[in-house]
Amino acid sequence: MKKPSTARSLDDFDKAILRLVQRDNRMPQRQIADRVHLSAAAVQRRIASMEKAGVIVANSAEVDVHAVNMSITAIVEITMKDERLETVDNAKALFRAAPEVQQCYYVTGGTSFLLVIVTQDVMTYEDITRRLFATNESVESYRSLIALDRVKTGSTITIP
């Protein structure tokens, strides 16, 4: 289980900063400062504090899948044979370690996990399914949904 962020209340300035850096994490701090009406030094301190507290967990670039020839996006429903702690923890570790797994959710409602997998072609995807699911004795079943179009992607959240 992912460790929750350290308790830190966010004020309106923090929330405004988060809204901006989610859209463009390369925006200069002086530009953020101008937009949120703080000094650049105050923005820098707040960003560092939010990183230390685990509010900001990463700074990354979103890559166009077509630019790197990754044309297959699969959403995979996985049903485990049981929901014992060891089974679930082993599955989480396996999926977390697989570089092709872009996102992984442990869910309720009959399905155990939902994964988003991005890969270059169907043959590679088949190899991945064999390695992660078909030969995994803990997996009861899996179902692949191949995306026809990536209509909306990203990790930006709405900050109230």
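Start at Glu77: its bridge partner in β3 is Leu114. Strands, like helices, are DSSP runs numbered from the N terminus (E, at least two residues, for strands; H or I, at least four, for helices). The model is predicted, so local features need pLDDT of at least 70 and side-chain atom pairs count only at pLDDT 80 or more, while totals for chains, interfaces and linings use all residues. Residues are numbered from 1 along each chain as its sequence is written, and side-chain values use heavy atoms, with hydrogens and water left out.

**Stop 1: the sheet.** Select β1 (72-80) and β3 (residues 113-119). They run antiparallel, joined by 7 bridges. Two strands count as paired if DSSP finds at least two bridges between them. Met80 has Val139 of β4 as its bridge partner.

Val101 stands opposite Ile117 in β3. The four strands form an open sheet in the order β2-β3-β1-β4. Neighbouring strands are turned by 20° against each other on average, direction ignored.

**Stop 2: inside β1.** How many of the 9 residues of β1 are buried? The count is 7, so β1 is largely enclosed by the rest of the structure. Buried means under 20% relative accessible area, exposed over 50%, and partly exposed in between (1.4 Å probe, protein chains only).

Pick Thr79 in this strand. Thr79 counts as buried because its relative accessibility is 18%. Leaving aside residues up to four places away in sequence, it touches Gly110, Thr111, Ser112, Val139, Glu140 and Ser141. Contact means heavy atoms within 4.5 Å.

**Stop 3: the helix across the sheet.** Show α4 (residues 85-97). It lies across β1, β2 and β3, at about 15° to β3. Axes are lines fitted to C-alpha atoms, for helices over the stretch in contact; angles run from 0 to 180 degrees between N-to-C directions.

**Stop 4: the other domain.** The domain assignment gives domain 1 (12-53) and domain 2 (65-147). Their centres, taken over C-alpha atoms, are 36 Å apart. Such bounds come from an automatic or database assignment.

Select α1 (residues 12-23). Its buried residues are Asp14, Ile17, Leu18, Leu20 and Val21. What covers them includes α2 (29-36) and α3 (40-53).

Note on methods. Expected span 1.5 Å × (residues − 1).
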